[in-house]
Amino acid sequence: MTLGEALRRSTEHLAAKGSGTPRLDAELLLGRALGLQRIELYMALERPLTAAELAAARALLARRAAREPLQYVLGEWGFRRLTLGVDRRALIPRPETETLVERALSLVAGLRAPRVLDVGTGSGAVALAIADEHPGAHVASIDVSAEALALAAENVHRTGLRVELVRHDLFDGLPAGPWDLVVSNPPYVDPAEIDGLAPEVRDWEPRGALVAEGAVEAVARGALAVLAPGGALALEVGDGQTPAVSALLCALGYGSVAVTADLSGRDRIVEGVRP
Ligand SMILES: C[S@@+](CC[C@H](N)C(=O)[O-])C[C@H]1O[C@@H](n2cnc3c(N)ncnc32)[C@H](O)[C@@H]1O
């Protein structure tokens, strides 16, 4: 079988299994199996695959056909300027969370050595991106999941960046600051909506990364107690949740409450400043 034929057949197979991005999946998985970039695949469409290459590709495609997320099958994914290890121990970093990082960086842009706390760090994506893009920042991260923290530690090692990782339950209050910025992408999925999620999310990503009732409010309340005066909170929330979360921040006494849309135009980030 040629590479072109394998690409076509794999795309059809993944589409039939329900992938929303079958062509992209097939390209990236075949590329991984063959050790080729996507562009290189297209320069070698007539090349026959060896038995070993076919076997390697089939193993990856079978995982994706079972609706394992593409990112977990690949084992790494890009976030901002970084390539991070990703697997079932933590949530896959999302494009909208890159906008959270954008806002976080802008909130501490004027500080030479801001103290930053990332609440619910998962793979470490937010904390590492801030450490990468604001080299003066002192970044600490908490998560209640030991598995997520183990993955985050691997990503700290992989990137060579400095982020302190601490196992801590956000419902016990946040670690004492003072912090110039508390940033968080907390679990915000309504438990009633879990069954309606795509299998990739529902069946593969850690449930504790998706659902933790009251987490958004707990972070907002907790941050108020540990932020330095003038320090900022930046939160990612679910589609449709920004009006309620903005009202919560105002009611708690935050000033300069503002909402930012992600790159697809949906309001997803809420921020406020401790007076
Ligand atoms: C939506 S994920 C965000 C992961 C990562 N920050 C990102 O944006 O890709 C939420 C994270 O919060 C963590 N978490 C859930 N409940 C928690 C709690 N009670 N205390 C601390 N972290 C918690 C989960 O383990 C998970 O890693």
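Pro 186 is located in the loop that runs between β6 (179-184) and α9 (199-202). The structure is a predicted model, and the residue belongs to a stretch that UniProt, in an unreviewed entry, annotates as "binding site": Asn 185, Pro 186, Pro 187 and Tyr 188. Asn 185, Pro 186, Pro 187 and Tyr 188 are included in the lining of the largest pocket. The space taken by the ligand is that largest pocket.

**Ligand surroundings**

- There are 19 residues around the ligand, and those that come nearest are Gly 120, Asp 143, Asp 169, Leu 170 and Asn 185.
- By class, the shell around the ligand comprises nine nonpolar, eight polar and two charged residues.

- In its side chain, Asp 169 has an N or O atom at 2.8 Å from a nitrogen atom of the ligand.
- Leu 170 contributes through its backbone, where an N or O atom lies 2.9 Å from a nitrogen atom of the ligand.
- Gly 122 also contributes through its backbone, with an N or O atom 3.4 Å from an oxygen atom of the ligand.
- On its own the ligand has 600 Å² of accessible area, of which the protein covers 95%.

**Annotated domains**

- UniProt lists residues 5-75 under "domain: Release factor glutamine methyltransferase N-terminal", in an unreviewed entry.
- Over residues 5-75, the chain is 70% helix and 0% strand, with 25 Å between the end C-alpha atoms.
- Residues 112-194 carry the UniProt annotation "domain: Methyltransferase small", likewise from an unreviewed entry.
- The span 112-194 is 28% helix and 27% strand, and its end C-alpha atoms lie 42 Å apart.

**Backbone geometry in loops**

- The peptide bond that leads from Gly 177 to Pro 178 is cis, and its omega is near 5°.
- Pro 178 is found in the loop between β5 (163-167) and β6.
- Arg 80 has a phi near 50°, which is a positive value in a residue other than glycine.
- The loop that holds Arg 80 lies between β1 (76-79) and β2 (82-85).

Note on methods:
Residues are numbered from 1 along each chain as its sequence is written. This is a predicted model: local features need pLDDT of at least 70, side-chain atom pairs count only at pLDDT 80 or more; totals for chains, interfaces and linings use all residues. Side-chain values use heavy atoms; hydrogens and water are left out. A residue is near a molecule or strand if one of its heavy atoms lies within 4 Å of it. A polar contact is a pair of N or O atoms within 3.5 Å; within protein, one must be able to donate a hydrogen and the other to accept it, and residues adjacent in sequence count only if both atoms are side-chain atoms. Accessible areas come from the Shrake-Rupley method with a 1.4 Å probe; for residues, only the protein chains shown count as cover. On a 1 Å grid over the protein atoms alone, a cavity is a set of points where a 1.4 Å probe fits but cannot get out, and a pocket is an open set with protein on both sides within 12 Å along at least five of seven lines; lining residues have an atom within 4 Å of a point. A molecule sits in a cavity or pocket if more than half of its atoms lie within 2 Å of its grid points. Ala, Val, Leu, Ile, Met, Phe, Trp, Tyr, Cys and Pro count as nonpolar, Asp, Glu, Lys and Arg as charged, and the others, Gly among them, as polar. UniProt positions are given in the numbering used here, feature names are shortened, and annotations may be inferred rather than shown by experiment. Helices (H or I, at least four residues) and strands (E, at least two) are DSSP runs, numbered from the N terminus.
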